[in-house]
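Please examine the structure shown below together with its sequence. The paragraphs after it lead from the overall fold to individual residues.

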Amino acid sequence: MCMTLFALINESTAALSVLLFLMGFFFGVIMPAMATAVTDAIAREGHGRAFGVMSAVYSLGMIFGSFVTGLIREVISPYFIAFLIGMLVLSFVGYMKLRLPRSAHTKVTTLR
């Protein structure tokens with residue numbers, strides 16, 4: 001997905017329709033995967049609250065992201081900042097996943 005965004009920004013030789021198709025494909029894969037992760041991590045009684053919070057965070061992210069992008073556009077590319085934030089989150093989640101004791105991994109697996 002990051003490579004597709006990079007190609008879109010740099011006006012690569014790839015056709016715009018192909019790049020937009022790939023972006024749609026990635027969003028079609030990532031968004032349902034996030035919903036599945038929420039349903040796997042939260043008890044059935046908490047699904048409504050979890051999806052409400054997830055929806056609120058999406059909305060705030062869209063509003064805040066657009067505002068910040070407009071403010072910093074002249075100084076640095078907002079796509080670079082989005083890339084850095086994404087990589088930090090991915091690194092943090094991976095690190096936390098590795099730090100979990102084995103018993104926590106087996107508990108999550110047995111609850112499924």
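The secondary structure of the protein chain comprises 5 helices and 0 strands, where helices (H or I, at least four residues) and strands (E, at least two) are DSSP runs, numbered from the N terminus. Read along the sequence, the pattern is α-α-α-α-α. This is a predicted model, in which local features need pLDDT of at least 70 and side-chain atom pairs count only at pLDDT 80 or more, whereas totals for chains, interfaces and linings use all residues. Residues are numbered from 1 along each chain as its sequence is written, and side-chain values use heavy atoms, with hydrogens and water left out.

The predictor's confidence in each residue is expressed as pLDDT, from 0 to 100. The protein chain averages a pLDDT of 78, and 88% of the residues score at least 70. Confidence is highest in helix α4 (residues 78–99), at a mean of 84, and lowest in helix α5 (residues 102–111), at 56. Where pLDDT is low, the predicted coordinates should not be read in detail.

Of the 112 residues in the protein chain, 8% are buried; buried means under 20% relative accessible area, exposed over 50%, and partly exposed in between (1.4 Å probe, protein chains only). The accessible surface of the chain comes to about 9,200 Å², and carbon and sulfur atoms hold 73% of that surface; the areas come from the Shrake-Rupley method with a 1.4 Å probe, and for residues only the protein chains shown count as cover.

How do helices α2 and α3 meet? The axes of helix α2 (residues 16–41) and helix α3 (residues 47–72) come within 10 Å and cross at roughly 145°. Such axes are lines fitted to C-alpha atoms, for helices over the stretch in contact, and angles run from 0 to 180 degrees between N-to-C directions. In contact, meaning heavy atoms within 4.5 Å, M31, M34, A35, V38 and T39 of α2 meet H47, A50, F51, M54 and Y58 of α3. The residues of this contact divide into 8 nonpolar, 2 polar and no charged; Ala, Val, Leu, Ile, Met, Phe, Trp, Tyr, Cys and Pro count as nonpolar, Asp, Glu, Lys and Arg as charged, and the others, Gly among them, as polar.

Leaving aside neighbours within four places in sequence, H47 is in contact with T39 and I42.

F80 lies in helix α4 and is partly exposed, with a relative accessible area of 43%. F80 and F6 are 74 residues apart in sequence and 9.5 Å apart in space, C-alpha to C-alpha.
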